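Please open the model in your viewer and keep the sequence at hand.

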Amino acid sequence: QEISTTNSAFAALLADGSVVTWGDRDCGGDSSQVQHQLQEVQQIKASGGSFAAVLEGGSVVTWGSRDSGGDSSHVRDQLVKVQQGHATEGAFAALRADGFIVTWGNPDRGGDSSQVQHQLIDVRLVHASH
């Protein structure tokens, strides 16, 4: 259904909602650590070195380089009812159903929105640049 790419890996979203990855394991080509979570995937976004999958229930699964958003553990409790994911070269932003934005990844690449979080109210659409 869809293929997403990091700088050196691919992730294919299959018709049954599962995901197949290949390429440089350090850039998301190895999803074996999260493969059991990659069910009912609706969307995959890619930064330069990692992937983020939005699942049917609105949760998010990430893998790949920690430096480019492959580790979302510190915001995992905020990644609920996600409707859209977006990526820059080194970070991700998730738009939730309540209009709240959650960011993670490299702070210099957009992974830290704390300075403008008070302005991110009732967000309807997000765009990212690479």
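Begin by selecting Phe10, which is partly exposed because its relative accessible area is 36% (buried means under 20%, exposed over 50%, and partly exposed in between, with a 1.4 Å probe and protein chains only). The model is predicted: local features require pLDDT of at least 70 and side-chain atom pairs pLDDT 80 or more, while totals for chains, interfaces and linings use all residues. Residues are numbered from 1 along each chain as its sequence is written, and side-chain values use heavy atoms, with hydrogens and water left out.

The structure contains three aromatic pairs (rings of Phe, Tyr and Trp, the last by its six-membered ring, with centres within 6.5 Å; planes under 30 degrees apart are stacked, over 60 edge-to-face, the rest tilted). The ring centres of Phe10 and Trp22 are 5.2 Å apart and their planes lie at 20°, so this pair is stacked. Phe10 belongs to strand E2 and Trp22 to strand E3, 12 residues apart (strands, E, are DSSP runs of at least two residues, numbered from the N terminus).

Next, select Phe92 and Trp104. Their ring centres are 5.5 Å apart with planes at 25°, so this pair is also stacked. Phe92 is in strand E8 (residues 91-96) and Trp104 in strand E9 (residues 101-105), so the pair ties together parts 12 residues apart in sequence. Both Phe92 and Trp104 are buried.

Move to the loop between strand E2 (9-13) and strand E3 (19-23), and select Asp16 there. Asp16 counts as exposed because its relative accessibility is 58%. Its side chain makes a polar contact of 2.6 Å with that of Ser18 (a pair of N or O atoms within 3.5 Å; within protein, one must be able to donate a hydrogen and the other to accept it, and residues adjacent in sequence count only if both atoms are side-chain atoms). Glu40 is 24 residues from Asp16 in sequence, yet 7.2 Å away C-alpha to C-alpha.

Finally, display the largest nonpolar core, which has 14 residues (buried Ala, Val, Leu, Ile, Met, Phe, Trp, Tyr and Cys residues joined through side-chain atoms within 4.5 Å). Strands E2, E4 (41-46), E5 (50-55) and E6 (60-64) each supply at least two of its residues. A second, separate core of 11 residues includes Ala52, Val75, Phe92 and Ala94.

Technical notes
Helices (H or I, at least four residues) and strands (E, at least two) are DSSP runs, numbered from the N terminus.
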